[in-house]
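Morning, everyone. Have a look at the screen.

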Amino acid sequence: FLQGLKESAIETLITRLHHPSCDWDHTRVSPGGQRAHLKSAYYVMFGKKLGMLDITPAKSDRFLSMAQREMKKALKAKSQETWTKIIKSSISSRFFFEALLADINNQSLNADRSIDRNTIFKWAQQNLK
C-alpha cells in the first residue's frame with residue numbers, strides 16, 4: 001500500500017504544477033504536457049529516491065523526453081532533493097497508519113496482506129521495552 005501512497009503523492013504534485021493543462025487532450029496540449037507522460041517523467045526522476053518498485057515502464061515512454069522538459073520548467077530552480085522532500089511530506093502519515101492497522105487487524109485467513117504479519121511481530125518483540 002505504500003507504493004500507492006507514493007504514486008498518489010506524485011499525482012498530487014503533477015496536479016499542483018501542471019493543472020489544468022495536464023488533463024487536456026492532444027488537440028490542446030502536446031504529449032509531453034499530458035498527465036500520463038508527466039507521470040513517467042516524475043517516476044524516472046523521483047522513483048528511486050522514493051523507493052518505488054519498478055520505474056522501467058516509465059523509462060520506455062515514447063514521450064519521456066518531452067515530458068521531462070515540461071517537468072523541468074515546472075520544477076524551476078528547486079533541487080531534486082527539495083522536491084523529493086515535498087513529495088514525501090505530502091504522504092499522509094495518518095492514512096499510512098490507518099492502512100497499516102487495517103492490514104494488521106484483518107483476521108481473515110485468506111487476507112491479501114501488504115505487510116507480512118511475522119515481520120511485524122518480530123519487529124514488535126525486538127522493540128518492546
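Is R35 buried or exposed? R35 is buried, at 16% relative accessibility. Buried here means under 20% relative accessible area, exposed means over 50%, and partly exposed lies in between, with a 1.4 Å probe and protein chains only.

Ground rules next. This is a predicted model, where local features need pLDDT of at least 70 and side-chain atom pairs count only at pLDDT 80 or more, while totals for chains, interfaces and linings use all residues. Residues are numbered from 1 along each chain as its sequence is written, and side-chain values use heavy atoms, with hydrogens and water left out.

Searching the whole structure gives six salt bridges. The criterion: a side-chain nitrogen of Lys or Arg within 4 Å of a carboxyl oxygen of Asp or Glu.

Back to R35. Its partner is D23, with the closest N and O atoms 2.8 Å apart. This pair links distant parts of the chain. D23 sits in the loop between α1 (2-18) and α2 (35-50), and R35 in helix α2, twelve residues apart. Helices are DSSP runs of H or I, at least four residues, numbered from the N terminus. D23 is partly exposed, at 43%. There is also a network: salt bridges link E11, D23, R35 and K39.

Now helix α6, residues 93-105. E98 and R94 both lie there, four residues apart, about one turn. Their closest N and O atoms are 2.8 Å apart. E98 is partly exposed at 42%; R94 is exposed at 63%.

Last, K73 and E70, a salt bridge at 3.3 Å. They are three residues apart in helix α4 (residues 64-75), so about one helical turn separates them. K73 is exposed at 56%, and E70 is partly exposed at 25%.

How values were computed
Helices (H or I, at least four residues) and strands (E, at least two) are DSSP runs, numbered from the N terminus.
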